[in-house]
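Below is a short briefing on the packing and strand pairing of one protein model. Please look over the sequence and structure first.

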Amino acid sequence: WPDVRADGLPTETLDHWPTAVGDEVLVNRCGRTWRALPEAARNDLDTASLRALLLEQPTLIKRPVLDDDGDIAVGFDADAYTTRFADRSNTV
């Protein structure tokens, strides 16, 4: 799995994720990286500036992000993961 801190994110990923889940879900506004941003950067986010910011600061993305063939889940929810993967547990 890619390490977003070391490897960054492919630009095409950020063409899809914000649209699929919305920036309110995708961006970790409680983390240290968000709090360290200048207030102007936090307040004036449009689609282009958000994309650029996430490419520059990938740790702003809530984790984990599960991209299951375009079906995106952000953050860990044990019940949701159990439901999502229940039909796959018997296949190897």
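How many residues lie between strand 1 and strand 2 in the hairpin that they form? There are 2 residues between them, and D69 in the turn has a positive phi of about 55°. This is a predicted model, in which local features need pLDDT of at least 70, side-chain atom pairs count only at pLDDT 80 or more, and totals for chains, interfaces and linings use all residues. Residues are numbered from 1 along each chain as its sequence is written, and side-chain values use heavy atoms, leaving out hydrogens and water.

**Strand pairing**
- Strand 1 and strand 2 run antiparallel and are joined by 4 bridges (strands pair if DSSP finds at least two bridges between them).
- L66 has A73 in strand 2 as its bridge partner.

**Helix 2**
- Helices (H or I, at least four residues) and strands (E, at least two) are DSSP runs, numbered from the N terminus.
- T13, L14, W17 and P18 of helix 2 (residues 13–21) are buried (under 20% relative accessible area, 1.4 Å probe, protein chains only).
- Seen down the helix axis, the buried residues of helix 2 fall within an arc of 105°, so they line one face of the helix; the arc is that of the directions from the axis to the C-beta atoms.
- Their cover includes helix 3 (23–26), helix 6 (47–56), strand 1 (65–68) and strand 2 (71–74).

**Nonpolar core**
- The largest nonpolar core has 13 residues, and W17, L54, L60 and I61 have the most contacts inside it.
- Such a core is a set of buried Ala, Val, Leu, Ile, Met, Phe, Trp, Tyr and Cys residues joined through side-chain atoms within 4.5 Å.
- Helix 2 and helix 6 are the elements that give two or more residues to this core, and helix 6 supplies the largest share, 3 residues.
- Leaving aside neighbours within four places in sequence, I61 is in contact (heavy atoms within 4.5 Å) with L9, L14, W17, L26, N28 and L54.

Key
Buried means under 20% relative accessible area, exposed over 50%, partly exposed in between (1.4 Å probe, protein chains only).
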